[in-house]
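Dear colleague,

I am passing on to you the structure shown here, together with a summary of what was found in it. Please read the notes with the model open beside them.

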Amino acid sequence: MPQLSWNEVRPAPVVLVSGPEDVLADRAVTMLRDFLRSEDPALEVSDLEADGYRRGELLTLASPSLFGEPRFIRVTAVEKASDDFLLDALDYLESTAEQTTVVLRHRGGMRGKKLLDAIRAGGGDAIEIVCAELKNDSAKQDFAATEFRAAGRRIAPSALRALVGAFSDDLGELAAACRQLIADAPGDIDEPTVAKYYGGRVETTAFVVADQAIAGRRGDALVALRQALESGADPVPIVGAFAMKIRSMAKVFGTRGSSGQLAGQLGLAPWQIDRARRDLVGWDDEGLARVVEALAATDAAVKGAERDPVFALERLVALIADRGRAR
């Protein structure tokens with residue numbers, strides 16, 4: 001069976017997306033869905049959770065409809081699949097439905113090994129997209145370059161290296177940084193642009209400050225903020241990093257359901273929903289509302305509404321580290 005990298009994904013009756021790297025898996029599944037939708041806008045997209053599966057659901061979704069629309073079925077948590085799902089999936093492999101693409105997301109482990117073996121011995125009806133962890137900067141640079149290329153934007157090699165160096169420890173944050181530059185920075189992306197948004201020090205970036213504050217580490221966050229500012233980081237993109245994270249948290253707050261099911265509804269990738277849920281531990285709606293209001297005020301402050309933008313940033317960091325609770 002063909003084994004392809006995340007950016008080589010192509011249609012097949014069954015697509016196994018394997019490996020631990022959720023960011024790459026999400027990109028691959030999204031690329032495949034968008035391609036199939038471009039081929040036929042009537043594409044019907046459905047989601048299943050393999051760990052909470054009930055017998056017959058897969059065959060029901062894959063069965064032909066009255067109007068014959070193509071089907072795209074995303075199945076998450078196959079590494080935790082129920083016995084009912086494994087039985088139905090093995091039956092489905094014996095006779096796949098026409099005009100239907102079934103995507104199986106398996107993060108690793110031995111659960112479902114019989115199913116994986118059957119897929120990998122499928123004789124050409126299936127492909128596997130391997131989403132292994134990116135362990136070196138070269139692979140991460142390829143990932144980031146693909147992000148800019150897909151958006152029709154150009155980034156200089158030196159800027160690409162600087163960007164990857166700033167986010168080498170977290171592929172999800174690297175992806176978010178790419179999207180921010182694509183959305184906010186005009187023209188071609190060069191090294192000064194990356195330095196403006198993310199500071200001159202690789203180890204101290206806007207997202208590091210945001211992560212420390214959201215985790216409740218007030219002192220560490222304030223130290224990281226000072227380091228970022230002293231190394232040339234601009235206050236505006238620091239506020240932008242906070243806004244990106246808090247916006248995701250606000251969207252996810254109070255929602256129910258799997259990240260795969262909520263992704264389309266919220267306009268977020270599944271891994272972003274999972275990250276936001278982790279960040280929301282210890283928060284309540286009143287604290288989140290106060291921080292959203294403070295973000296707007298701080299954004300205005302760093303753009304000239306107040307005399308001391310650094311003090312405004314420190315005030316915001318302290319409030320976020322206290323999870324929006326006024327002292």
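In this predicted model, the axes of helix 14 (residues 285-305) and helix 15 (residues 309-321) come within 9 Å and cross at roughly 165°. Because angles over 145 degrees count as roughly antiparallel, helix 14 and helix 15 are described as roughly antiparallel to each other. The crossing of helix 14 past helix 15 is left-handed. On the helix 14 side, the contact is formed by Arg290, Val291, Ala294, Leu295, Thr298, Ala301 and Val302. Helix 15 contributes Pro309, Ala312, Leu313, Leu316, Leu319 and Ile320. By class, this contact of helix 14 with helix 15 has 11 nonpolar, 1 polar and 1 charged residues.

Helix 14 also packs against helix 11 (235-252), at an angle of about 160° and with the axes 10 Å apart. That angle makes helix 11 roughly antiparallel to helix 14. Here too the crossing is left-handed. The residues of helix 11 in the contact are Pro235, Val236, Val239, Phe242, Ala243, Ile246, Met249 and Ala250. They meet Leu288, Val291, Val292, Leu295, Thr298, Asp299, Val302 and Lys303 of helix 14. The contact of helix 11 with helix 14 comprises 13 nonpolar, 1 polar and 2 charged residues.

The largest pocket holds about 1,000 Å³ of space. It is lined by 41 residues, of which Asp22, Asp26, Ala269, Pro270 and Trp271 are the closest to its centre. Two or more lining residues come from each of helix 1 (22-39), strand 3 (44-49), strand 4 (71-76), strand 5 (100-106), helix 5 (137-150), helix 7 (171-184), helix 12 (259-266) and helix 13 (270-279). Helix 1 provides the largest share of this lining, with 9 residues. In terms of class, the lining of the largest pocket consists of 15 nonpolar, 9 polar and 17 charged residues.

The second largest pocket has a volume of about 370 Å³. Among its 22 lining residues, those closest to the centre are Gly172, Trp271, Gln272, Arg275 and Arg278. The elements that give two or more residues to the lining of the second largest pocket are helix 1, helix 7, helix 11 and helix 13. Its largest share, 7 residues, comes from helix 13. The lining of the second largest pocket divides into 8 nonpolar, 3 polar and 11 charged residues.

The structure contains 1 cavity of 30 Å³ or more, and about 40 Å³ of space lies in the largest cavity. The residues that line this cavity are Val14, Leu58, Ala89, Tyr92, Leu93, Val102 and Leu104. The lining of the largest cavity has 7 nonpolar residues, with no polar and no charged ones.

With kind regards

Notes:
Residues are numbered from 1 along each chain as its sequence is written. This is a predicted model: local features need pLDDT of at least 70, side-chain atom pairs count only at pLDDT 80 or more; totals for chains, interfaces and linings use all residues. Side-chain values use heavy atoms; hydrogens and water are left out. On a 1 Å grid over the protein atoms alone, a cavity is a set of points where a 1.4 Å probe fits but cannot get out, and a pocket is an open set with protein on both sides within 12 Å along at least five of seven lines; lining residues have an atom within 4 Å of a point. Grid points are joined across faces, edges and corners, and a volume is the space filled by probe spheres set on the points. Helices (H or I, at least four residues) and strands (E, at least two) are DSSP runs, numbered from the N terminus. Ala, Val, Leu, Ile, Met, Phe, Trp, Tyr, Cys and Pro count as nonpolar, Asp, Glu, Lys and Arg as charged, and the others, Gly among them, as polar. Axes are lines fitted to C-alpha atoms, for helices over the stretch in contact, and angles run from 0 to 180 degrees between N-to-C directions. Angles under 35 degrees count as roughly parallel, over 145 as roughly antiparallel, 65 to 115 as roughly perpendicular and the rest as oblique. A crossing is left-handed if the near helix is turned anticlockwise from the far one by less than a right angle, and right-handed if clockwise. Contact means heavy atoms within 4.5 Å.
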